[in-house]
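Dear colleague,

Please find below the structure that I am handing over to you.

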Amino acid sequence: MKTILTSIGILITITFFSFISKPEKKEQKEINWLTITEAYKKNQKEPRKIFVDVYTNWCGWCKKMDKETFSDPEVVDMVNEKFYAVKLNAENTEPITMAGDTTTAQMIARSMGVTGYPTIVYIKEDFKTIQPVPGYQNAKKFKDTLEKILEWE
């Protein structure tokens, strides 16, 4: 009987401390994603380079980049501080009005030379395309590319 009571006491103590000692979840930083129209408007007031994540809903590598690359704290900090980040669903055919023209995300993706997903398209402050970069990139490679893009004149 004594061993049963001791066991119950230990179990209660362990349970109690497991609830108390749980570390608080840190708030995870996120990229401040914009629409292409929002980025265009912000760029008129405060010019920055832009990167456009051209994706589709069915793309597995796109989801992997969202989960791993775009959630990396160093990537998030760099993007939010120095770029406008745009999510563009390449299959969306809803109208987008920008600078007096009406188009669609699908047409924008095509005009930027996107042929596969994911593709990151880098855009200069004057809204001219620098370079589309197709394929998955891990956080380190993506951060290295961002640093090179910042040097681009």
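This is a predicted model: local features need pLDDT of at least 70, side-chain atom pairs count only at pLDDT 80 or more; totals for chains, interfaces and linings use all residues.

Residues are numbered from 1 along each chain as its sequence is written, and side-chain values use heavy atoms, with hydrogens and water left out.

Overall fold

The protein has six helices and seven strands; helices (H or I, at least four residues) and strands (E, at least two) are DSSP runs, numbered from the N terminus. Along the sequence they follow the pattern α-β-α-β-α-α-β-β-β-α-β-β-α. Of the 153 residues, 35% count as buried (buried means under 20% relative accessible area, exposed over 50%, and partly exposed in between, with a 1.4 Å probe and protein chains only). Among contacts (heavy atoms within 4.5 Å) between residues at least 6 apart in sequence, 67% join residues at least 24 apart.

Helix α2 covers residues 36-45, and I36, T37, A39 and N43 are buried in it. Those buried residues fall within an arc of 165° seen down the axis of α2, so they line one face of the helix; the arc is that of the directions from the helix axis to the C-beta atoms. K41 and K45, on the other side of α2, are exposed. The packing partners of the buried residues are β1 (33-34), β2 (49-55), β3 (83-89), β4 (95-98) and α5 (105-111).

A nonpolar core is a set of buried Ala, Val, Leu, Ile, Met, Phe, Trp, Tyr and Cys residues joined through side-chain atoms within 4.5 Å. The largest one holds 19 residues, of which I36, I50, V52, V54, L88, M112 and V121 touch the most other members. Two or more residues of this core come from each of α2, β2, β3, β4, α5 and β6 (119-123). Apart from this core lies another, of 17 residues, among them F70, V76, V79 and A139. In soluble globular proteins, nonpolar side chains tend to be buried together.

Not counting residues up to four places away in sequence, I50 touches A39, N43, F83, Y84, V86, V121, Y122, I123 and F127.

Helices α4 and α6

The axes of α4 (residues 73-82) and α6 (residues 139-151) come within 10 Å and cross at roughly 25°. Axes here are lines fitted to C-alpha atoms, for helices over the stretch in contact, and angles run from 0 to 180 degrees between N-to-C directions. The two helices, α4 and α6, are therefore roughly parallel to each other (angles under 35 degrees count as roughly parallel, over 145 as roughly antiparallel, 65 to 115 as roughly perpendicular and the rest as oblique). From α4, the residues E74, V75, M78, V79 and K82 meet A139, F142, K143, L146, E147 and L150 of α6.

V76 also belongs to helix α4 and counts as buried, at 1% relative accessibility. Leaving aside neighbours within four places in sequence, V76 is in contact with K29, E30, I31, F70 and S71. V76 and K29 are 47 residues apart in sequence, yet their C-alpha atoms are 6.7 Å apart. E81, another residue placed in α4, is exposed, with a relative accessible area of 55%. The C-alpha atoms of E81 and I31 are separated by 9.8 Å, and these residues are 50 apart along the chain.

Backbone points to check

Most residues other than glycine have a negative phi, and most peptide bonds are trans.

- The peptide bond from Y117 to P118 is cis, with omega near -5°; P118 is found in the loop between α5 and β6.
- A99 has a positive phi, near 55°. This residue, A99, is in the loop between β4 and β5 (101-104) and is exposed, with a relative accessible area of 54%.
- F127 is not a glycine but has a positive phi of about 70°. F127 lies in the loop between β6 and β7 (129-134) and is partly exposed, at a relative accessible area of 22%.

With kind regards
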